[in-house]
Amino acid sequence: QVQLVESGGGLVQAGGSLRLSCSVSGRTFGSMGWFRQAPGKEREFVAASSWSGTSYADSVKGRFTISRDNAKNTVYLQMNSLKPEDTAVYYCSAASTGWGILKDGGAYPYWGQGTQVTVSS
């Protein structure tokens with residue numbers, strides 16, 4: 001049974017950092033992604049990693065870094081220089097294909113339960 005479990009969320013002041021983790025069990029995946037959803041807003045793409053490379057939303061480029069530890073079957077999202085507008089529930093996602101960069105949430109069949117990130121001003 002596939003499970004994705006996020007951790008590492010919390011409350012941080014603007015300018016601070018957090019590292020989110022997503023531990024994957026059950027199988028390995030070619031593509032992993034991070035998405036977020038703020039209250040009253042639609043889910044949006046944050047970052048993705050696949051055999052083809054990595055990609056970031058313009059709003060987080062230069063501040064967030066996605067990385068993978070294949071030995072631990074875990075994907076991370078290092079978030080630096082956090083802003084109040086980064087406040088959201090963050091979800092990790094997984095897809096079998098490792099080709100291309102998947103930015104559409106509909107391309108990911110597997111999702112974690114989400115972890116809350118709150119950035120205070």
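Me: Where is Phe29 found?

Reply: Phe29 sits in the loop between strand 3 and strand 4. Keep in mind that this is a predicted model.

Me: Is Phe29 buried or exposed?

Reply: The general idea is a cut-off: a residue is called buried when its relative accessible area is under 20%. Phe29 has 6% relative accessibility, so it counts as buried. Its contacts, leaving aside neighbours within four places in sequence, are Val2, Val24, Arg68, Ala94, Ala95, Ser96 and Tyr110.

Me: How far apart are the C-alpha atoms of Phe29 and Val60?

Reply: They are 31 residues apart along the chain, and their C-alpha atoms are separated by 24 Å. For another such pair, take Gly105 and Gly33: these are 72 residues apart in sequence, with 8.5 Å from C-alpha to C-alpha.

Me: Where does Gly105 lie, then?

Reply: Gly105 belongs to the loop between strand 9 and strand 10 (110-111). Its relative accessibility is 8%, so Gly105 counts as buried.

Me: How should I read a strand that has a covered face and an uncovered one, as strand 1 does?

Reply: In a regular strand, side chains alternate between the two faces of the sheet. Strand 1 (residues 3-7) has Leu4 and Glu6 on its covered face, while Gln3, Val5 and Ser7 are on the uncovered one.

Me: Which strand is joined to strand 1 by 5 bridges?

Reply: That is strand 3 (residues 18-25), and the two run antiparallel. You can find one point of the pairing at Leu4, which stands opposite Val24 in strand 3.

Me: How many residues of strand 4 are buried?

Reply: Strand 4 (residues 31-37) is mostly covered, with 6 of its 7 residues buried. For its pairing, follow the bridges on each side of the question. Strand 4 is joined to strand 9 (residues 88-95) by 7 bridges, in an antiparallel arrangement. Here Gly33 stands opposite Ser93 in strand 9. Strand 4 also pairs with strand 5 (residues 44-50), over 5 bridges and again in the antiparallel sense. In that pairing, Phe35 has Phe45 of strand 5 as its bridge partner.

Me: How many residues lie between the strands in the hairpin of strand 4 and strand 5?

Reply: There are 6 residues between them, and Gly40 in this hairpin takes a positive phi near 75 degrees.

Me: Arg36 is found in strand 4. Is Arg36 buried or exposed?

Reply: Arg36 is buried, because its relative accessible area is 5%. The side chain of Arg36 makes one of 2.6 Å with that of Glu44, and another of 3.4 Å with that of Ser59. Not counting residues up to four places away in sequence, Arg36 touches several residues, among them Val46, Phe64, Glu85 and Tyr90.

Me: Glu85 is on that list. Is Glu85 buried or exposed?

Reply: Exposed means over 50% relative accessible area. Glu85 has 55%, so it is exposed. Glu85 lies in the loop between strand 8 and strand 9. Its C-alpha atom is separated by 8.6 Å from that of Ala38, 47 residues apart along the chain.

Me: Let me finish with Thr115. Where is Thr115 found?

Reply: Thr115 is in strand 11 (residues 115-120). Thr115 is buried, as its relative accessible area is 11%. A polar atom of the Thr115 side chain lies 3.3 Å from the backbone nitrogen of Gly9. Beyond residues up to four places away in sequence, Thr115 touches Glu6, Ser7, Gly8, Gly9, Leu20, Ala88, Val89 and Tyr90.

Methods
Residues are numbered from 1 along each chain as its sequence is written. This is a predicted model: local features need pLDDT of at least 70, side-chain atom pairs count only at pLDDT 80 or more; totals for chains, interfaces and linings use all residues. Side-chain values use heavy atoms; hydrogens and water are left out. Helices (H or I, at least four residues) and strands (E, at least two) are DSSP runs, numbered from the N terminus. Buried means under 20% relative accessible area, exposed over 50%, partly exposed in between (1.4 Å probe, protein chains only). A polar contact is a pair of N or O atoms within 3.5 Å; within protein, one must be able to donate a hydrogen and the other to accept it, and residues adjacent in sequence count only if both atoms are side-chain atoms. Contact means heavy atoms within 4.5 Å. Two strands pair if DSSP finds at least two bridges between them.
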